[in-house]
Each structure stands twice: as structure tokens, then as C-alpha cells.
Amino acid sequence: TTGQHNLQLFLCELNKNPVEGFSAGLIDDDDIYKWEVVIIGPQDTLFEGGFFKAYLTFPYDYPLRPPKMKFITEIWHPNVAKNGEVCISILHEPGEDKFGYEKPEERWLPIHTVETIMISVISMLADPNSDSPANVDAAKEWREDPNGEFKRKVARCVRKSQEMAFD
């Protein structure tokens, strides 16, 4: 299928020309729909120095529908649910937003690649969107006291992620 073919191309391309800020590969070489990615905490953000592992699961009708992304490494962020699920516009099903928060062009489009998804997630780490948070507590702390409780929790996640990465 086109989706399968695209995913194989992305994999080849990322192996040949890695993109700064993340690494990506398959969880199991026989399944092109399940990816493991590691995002390196962006410089000059509270996440700097962290290694955040996540799974990207593509639907069989990709690229018509978006993949789901879930952090396996603990991460404290307004746009990541406590179970690790990433909530950003480009991973939302295409079409109109019934709540009116998002324009259709902000949502999933079949032109998105693993790289464009990762770049969006990296910019989300640097610049949380607290308007429609997936983790309400993190959003509240980030708004009210970014250098207090929020910063402490993120720093703990960064430390834990480093210990896991170097196990």
C-alpha cells in the first residue's frame, strides 16, 4: 500500500540522513506500522538533556489517518496525558474540530511524515499549548509557576530519562 511504501521510504531516509533532535526506528523489523522514537530534550528548554522514548503507531489506512504517539518515558507536560499519549493538533483526525479550537489545516494531513510529526512534538516540548491541555495539572503549574513545581517535575523526568537511556 502507499502508506506502507511511504513508511519504508521514511525509514530509509532517516537511517541515511538522521535529523537533529530525534532518532527513529521500528520496534520490530517485521512491522512497518510500529515505530520507536527517542526525542532529545531541546536545548534551552526545561527538557534539555532528556531522552524521551515514545511509540508511534500508524493505522493501516495511513496516510489518510494520523498515527498515535505515546511516551514510554515519563514526561510532565501540558500536552502529554498522564498515560503518555501525545495530544497535538497534527495528530488529530482530519476534518472540522467540533469544539472549534483548531482549523482543519492544523490537523492531520496526508502530507505529514515521521519527520514533520517529530518536529511538531519537539516544538511542543519547547512551547507548550495550555489552551486545551491533555494534562490539566501540568498546564496549571506551567501557567502559574513555570519555574517552581513545573520545573521540578520536569527536571525529575529528565534525570529519570537519562538513567533509563544509559542502563
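Contact here means heavy atoms within 4.5 Å of each other. Helices (H or I, at least four residues) and strands (E, at least two) are DSSP runs, numbered from the N terminus. The model is predicted, so local features need pLDDT of at least 70 and side-chain atom pairs count only at pLDDT 80 or more, while totals for chains, interfaces and linings use all residues. Residues are numbered from 1 along each chain as its sequence is written, and side-chain values use heavy atoms, with hydrogens and water left out.

**View 1. An open sheet of four strands.** The order is S1-S2-S3-S4, with antiparallel pairing (two strands pair if DSSP finds at least two bridges between them). Out at the edges sit S1 (22-26) and S4 (68-71), each pairing on one side only. From one strand to the next, the twist averages 25° (axes are lines fitted to C-alpha atoms, for helices over the stretch in contact, and angles run from 0 to 180 degrees between N-to-C directions).

**View 2. Zooming in on S1 and S2.** Five bridges link S1 to S2 (residues 34-40) in the antiparallel sense. Look for Leu26, whose bridge partner in S2 is Trp35.

**View 3. Helix H2 on the sheet.** H2 (residues 114-126) packs on the sheet and touches S1, S2, S3 (51-57) and S4. The direction of H2 makes about 40° with that of S2.

**View 4. The buried side of H2.** Buried (under 20% relative accessible area, 1.4 Å probe, protein chains only) residues of H2 are Val114, Ile117, Met118, Val121, Ile122, Met124 and Leu125. They lie on the same side of H2 because they cover an arc of only 155° around the axis, taken from the directions from the helix axis to the C-beta atoms. These buried residues pack against H1 (2-16), S1, S2, S3 and S4.

Note on methods
Buried means under 20% relative accessible area, exposed over 50%, partly exposed in between (1.4 Å probe, protein chains only).
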